Amino acid sequence: MKELLEDDPGREVLLLGNEAIVRGALEAGIGHGSTYPGTPSSEIGNTFEKIAKEYGMYFEYSANEKVAMETAAAAAVSGVRSMVWMKHVGVNVASDALMTLMYAGTRAGMVIVAAGDPSTHSSQNEQDNRYYSLLGNIPMLEPITPHEAKEMTKEAFDISEELELPVLVRTTTRVNHARGVVTFDDLNEPDNEGHFDKDPGRFVSVPQNARKNHPRLLEQMEKAGPISEESRFTEVIDENDPELHVISSGAGFNYIREAKEEYDLPVSILKLGMTNPLPLEKTKEYIEGAERVLVVEELEPFLEEKVKALAKEVNPDLEIYGKKSGHLSRLYEYNPDRIKEALAELIDFEDDTETLRPEQYDLPSRPPSLCPGCPHRGTYYSVKQALGDKEAVFSSDIGCYTLGVQDPLNTADFLLCMGSSVGAAGGFSKNTDQQVFAFLGDSTFFHSGLAPLVSGVYNDHDFVYVIMDNRTTAMTGHQPHPGTGRTGMGDQAPMLSIEELAEGAGVEFVETVDPYDIEETTEVFERAIEHDGISVVVPKHPCALIEQGEVNWDPYQVDQEECRQCHVCTNKFGCIALVREGEKVIIDETQCVGCGQCAQICPFDAIKQEGEE
Amino acid sequence: MKRVNLEIVGVGGQGILTSSQVLGAAALERDLDVYMSEVHGMAQRGGVVVTTVKIGEEVYSPLIGKGDADVILGFEPIETYRAIEQASKKTWIVTNEQPIVPFTVSVGTQEYPSVEEKILPSLEKSTDRLITLKAEELAKEAGASITQNIVMLGALSATEVLPINKDDMMKAVEDKVPERFVEMNLAAFEKGFDKTRELIESK
């Protein structure tokens, strides 16, 4: 990681896309970075966390993406180059700030990295964030490789400064989580001495100023046109008399480029780097003499629609292939096969690779699951115990605990986004006569669990609000948050108390319990269910992945003589270290971390540590 | 030089990311272009891990098409089987024989097909280029089961598909692992290498 701080121009390094983005920002002299972690953008923050102090910049994990956007905006209007990054849905959270920030613009360069996740590898949707560039009039760049991600990040700061507008660098999983060869340029000193020169006519967006700022934004975007026309990230590959023209941006480009080289295809490609504003003249010129053009872009027909409009002007007979024609899909990420299939319908091209076809077996699925030792499992089990036969609606949230959706826990019934568990729980409680639970984690609580808590107390919502405090932001890789006592710079911070915040909001029932203690946790939930109004329960135990680095417990075993094969442990608790072998249950010692939760739930005390009677 | 496509598959926690990074570093050391795709985030929690490593003079994309893998390096037998579409007759399939049972099987809702009776015989029938080994066992012999990812790298090296020789690979392992574990990991590499050479020579 430290190699990112080396001023060694020309050096070639193998970097993850996210690390390359960090290097680009360092080469640009970034002074402020802020984020809320989210896959596939998280490693950008993880990297800054390690080097920010040494480099001399400021970096923070903000409580949510909107706060991250606002702190970065303040830095940029004060003359400090800033970057804010988040996953695609994080932009939804930050968009309120962003849409109006575009009106006023910034002074020093400000870069927004929005990391999309086609195929929803780790996300709740696969929205195409390129439309934000149209909604907000945001100049946008779309890198295709880690190296280009570095180059574009760096250049985005310059473009931003030239236009006095934030610039969007829109990536996807196969850029953020691809690793490739990146060539270093000069490292720059951090730009971190800001001063805010007041200009309320510009920076205070009251209606009369907004009316002046909106035309200013449109003018600035006009000036972005020539920048896009001249962008070094846009190029035409192989113009000579192709059978098929292709227009492409983003990760999808890589597969068409590869197919072209691999099969020596008579295809020309217009590779677009800056896609808002589009280089209109260059695009028109490219399609003017063409007969057929295929538009290759993941997700929505963002470019395709524009190409269609331009073709009306310069080449009405142009045949346009892509999503509308059915050659490519609006769903999921692309790969070499999907591109080859589309090509095979359009040009004379045969892929004669024969794949192996061994016998078809039903292979068991392997969805991600709560880790052995995960304290969430004890919480969920205890909730189920406390409920007995009583029906309940489980309003879930974004984090590891969402995995409670699986067998045998089945503790997720409704989920939208960060913090949605709480607002929705209130809605369920007002509109049904069912018992309602909201489940969210500590980091998510600070992100967006406070406003619905206050709203719920005020409106007399009635549900059990379970804040599963594992002392970290676990799912994205253990980043700190306001409750952990540590900042992104590695400094000590006050440890905000979830319990005190809840009490401050007027909640009468606030209890903390160790979910490793199943009996006590169950008892707390029994009382929480009885309580009218919002009852806050904080099951508090460190994430098993962190705790396992610090403690060393002996694994448990199933005493086969005591075991009556009732299968409560596998059918109700379901730790992945508990393995069925026919009717027999054994504990996989390589997976068991010795947390002892399962030993407490065994009705026959058959689960023991070695030497235990 | 022809491009080499590797698909490395297994389960979160098996050290797959480390092994692909060793490969990448070894390739870069030889001034080759490398393009890899990794899995981070949610899927790591006991889920399927698929990473690709493509090495050549110029590599354009980080993913591999059907039948286009030169090697499938499988850390877990059903994950190897799941990736089989990426293989053709020319593909070396190097797989660990030792299963990691998914929780869908532990809780009794799905079944794990027998490795000895179904998975391996079916693979053997469909290709001549199959190498199966007990990676965890070899790793334990080398010193610790966590070195199984390096056993697998040794096995991969023995197929001689890589444009990187054995010594350079071992050098990359040495650079990647913490100093006090170097000896153990190099022993693990040799175990995987020797076992695979032996299997290839007896074919």
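In the predicted model, the cover over the buried residues of helix α13 of chain A includes β10 (244-248), α10 (252-263) and β13 (292-296) of chain A. Helix α13(A) spans residues 336-344. Its buried residues are A:Pro336, A:Asp337, A:Ile339, A:Lys340, A:Ala342 and A:Leu343. At the start of the helix, a side-chain oxygen of A:Asn335 comes to within 3.0 Å of the backbone nitrogen of A:Asp337.

Chain A also holds an open sheet of 7 strands with mixed pairing. The strand order is β3-β2-β4-β5-β7-β6-β12. Strands β3 (58-61) and β12 (274-276) of chain A form the edges. Each has a single partner strand, so one side of each lacks a neighbour in the sheet. Helix α3 of chain A (residues 65-77) packs on this sheet. The helix touches β2 (32-35), β3, β4 (82-87) and β5 (110-116) of chain A. Its direction makes about 165 degrees with that of β4(A). Elsewhere in the sheet, strands β6 (residues 140-141) and β7 (residues 167-172) of chain A run parallel and are joined by 2 bridges. A:Leu141 has A:Val169 as its bridge partner in β7(A).

The largest nonpolar core comprises 80 residues. Those with the most contacts inside it are A:Leu26, A:Ile30, A:Phe48, A:Met69, A:Met83 and A:Met110. Beyond its neighbours within four places in sequence, A:Ile30 contacts residues including A:Phe48, A:Tyr55, A:Met57, A:Met83 and A:Phe157. A separate core has 49 residues, including B:Ile16, B:Ala26, B:Leu138 and B:Val173.

In chain B, helices α5 (residues 135-142) and α6 (residues 148-158) pack with their axes 8 Å apart. The angle between them is about 105 degrees, so α5(B) is roughly perpendicular to α6(B). Helix α5(B) contributes B:Ala135, B:Glu136, B:Leu138 and B:Ala139 to the contact. Helix α6(B) contributes B:Gln148, B:Val151 and B:Met152.

A link between the chains involves B:Lys54. This residue lies in strand β3 of chain B (residues 48-56). B:Lys54 is buried, with a relative accessible area of 0%. Its side chain makes a polar contact of 2.5 Å with the side chain of A:Glu258. Leaving out residues up to four places away in sequence, B:Lys54 also touches residues of its own chain, including B:Arg3, B:Asp33, B:Tyr35, B:Val59, B:Pro62 and B:Ile64.

Terms used
Residues are numbered from 1 along each chain as its sequence is written. Chains are lettered from A and ligands numbered from 1 in the order in which they are written. This is a predicted model: local features need pLDDT of at least 70, side-chain atom pairs count only at pLDDT 80 or more; totals for chains, interfaces and linings use all residues. Side-chain values use heavy atoms; hydrogens and water are left out. Helices (H or I, at least four residues) and strands (E, at least two) are DSSP runs, numbered from the N terminus. Buried means under 20% relative accessible area, exposed over 50%, partly exposed in between (1.4 Å probe, protein chains only). A polar contact is a pair of N or O atoms within 3.5 Å; within protein, one must be able to donate a hydrogen and the other to accept it, and residues adjacent in sequence count only if both atoms are side-chain atoms. Contact means heavy atoms within 4.5 Å. Two strands pair if DSSP finds at least two bridges between them. Axes are lines fitted to C-alpha atoms, for helices over the stretch in contact, and angles run from 0 to 180 degrees between N-to-C directions. A nonpolar core is a set of buried Ala, Val, Leu, Ile, Met, Phe, Trp, Tyr and Cys residues joined through side-chain atoms within 4.5 Å. Angles under 35 degrees count as roughly parallel, over 145 as roughly antiparallel, 65 to 115 as roughly perpendicular and the rest as oblique.
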